[in-house]
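Please keep the coordinates open while reading.

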Amino acid sequence: MVTVGEIEHFLYALAPRPLVQSWDNVGLLVGRPDREVKRILVSLDVTEAVAEEAQRWGAELIVAHHPVIFGGVKSLTDRDPAGRTLLYLVEHGLAAICMHTNLDAAAGGVNDLLAGALGLVDAAPVVENGIERVGVLPNSLPLPDFLARIKEALRPNGIRFVEGGRPVHCVAVGGGACGDFFPRVAALGCDTFVTADVKYHQFLDAQALGLSLIDAGHFPTENLVCPELLAALGQQFPELELRQSGCHGEVIQYYL
């Protein structure tokens, strides 16, 4: 018999607890650690739709990246999406384990996968135990060619960017909302930074520093980790049935 607690222990082996940022909320967030698990649904987020999908399929556990409890939840009612999702999980006996910034920073985690998908070599953490990675392209590319590579690798619905004026060679990546780190990336000599959720003033300031700043979307830059979680869980627990969410995808659309 495999339990929720055993799966949490395994996931912490993949994404160690010391890598968790101080503000984060990870681990078993809903459910009982001693409950038996036969089916796991993997998803980037735990939404109402994902919870309903797990229930329909007969899963006992959802393994996700983004925490289902975050930002100081003060009530548990059906008056808001977070409350409805949590109530659904509890009422249907669904457990949820979330591995967030530790999975961003872990070896083989979100940002190693992102660097690999974009063709970077010698990728390493920007700072020790940090989330962002910096690596190089074997051959420099014009920015339009690198944008085309991002489109092919991540399949975002759109890409926002500013051009720093240099060919793409030394590249930093930070899956999700890492735009605040662009000054540190620029100071390292990077010519390009791929991240998400970039603010207007960050685009302006990055361009003034000669840094091409690329917003490839939060979901596309992080969802690479879901198939890897699926594979790792399948290898460790071959007796379990595993599935990646089929209902959850990029929600941001672009009108051009």
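In this predicted model, helix H1, spanning residues 4-14, packs with helix H10, residues 225-236, at an angle of about 125°. The axes of these two helices lie 11 Å apart. An angle between 115 and 145 degrees is neither roughly perpendicular nor roughly antiparallel, so H1 is classed as oblique to H10. The crossing of H1 and H10 is right-handed.

Helices H2 and H3 form another pair. Helix H2 covers residues 48-57, and helix H3 covers residues 81-91. The axes of H2 and H3 come within 9 Å and cross at roughly 15°. Because angles under 35 degrees count as roughly parallel, H2 and H3 are described as roughly parallel to each other. The handedness of the H2 and H3 crossing is left-handed, whereas that of H1 and H10 is right-handed.

Helix H3 also takes part in a pocket. Of the residues lining the second largest pocket, 3 come from H3, which gives the most to that lining. The pocket has a volume of about 190 Å³. Its lining consists of Asp45, Val46, Thr47, Glu48, His66, Pro67, Val68, Pro81, Ala82 and Thr85. By class, this lining divides into 5 nonpolar, 3 polar and 2 charged residues.

Attention now turns to individual elements and residues. Helix H5 comprises residues 110-117, and within this helix Val110, Asn111, Leu113, Leu114 and Ala115 are buried. After H5 comes glycine 119, whose phi is positive, near 85°.

Aspartate 122 is found in strand E5, which runs over residues 121-125. Its relative accessible area is 71%, and since a value over 50% counts as exposed, aspartate 122 is classed as exposed.

Aspartate 197 likewise has a positive phi, near 55°, in a residue other than glycine. Its setting is the loop between strand E9 (192-195) and helix H8 (200-208). With a relative accessibility of 37%, aspartate 197 counts as partly exposed, because this value falls between the 20% and 50% limits.

Strand E9, on one side of that loop, contains threonine 192. The relative accessible area of threonine 192 is 0%, so this residue is buried. Threonine 192 and arginine 56 are 136 residues apart along the chain, and their C-alpha atoms are separated by 43 Å.

Technical notes
Residues are numbered from 1 along each chain as its sequence is written. This is a predicted model: local features need pLDDT of at least 70, side-chain atom pairs count only at pLDDT 80 or more; totals for chains, interfaces and linings use all residues. Side-chain values use heavy atoms; hydrogens and water are left out. Helices (H or I, at least four residues) and strands (E, at least two) are DSSP runs, numbered from the N terminus. Buried means under 20% relative accessible area, exposed over 50%, partly exposed in between (1.4 Å probe, protein chains only). On a 1 Å grid over the protein atoms alone, a cavity is a set of points where a 1.4 Å probe fits but cannot get out, and a pocket is an open set with protein on both sides within 12 Å along at least five of seven lines; lining residues have an atom within 4 Å of a point. Grid points are joined across faces, edges and corners, and a volume is the space filled by probe spheres set on the points. Ala, Val, Leu, Ile, Met, Phe, Trp, Tyr, Cys and Pro count as nonpolar, Asp, Glu, Lys and Arg as charged, and the others, Gly among them, as polar. Axes are lines fitted to C-alpha atoms, for helices over the stretch in contact, and angles run from 0 to 180 degrees between N-to-C directions. Angles under 35 degrees count as roughly parallel, over 145 as roughly antiparallel, 65 to 115 as roughly perpendicular and the rest as oblique. A crossing is left-handed if the near helix is turned anticlockwise from the far one by less than a right angle, and right-handed if clockwise.
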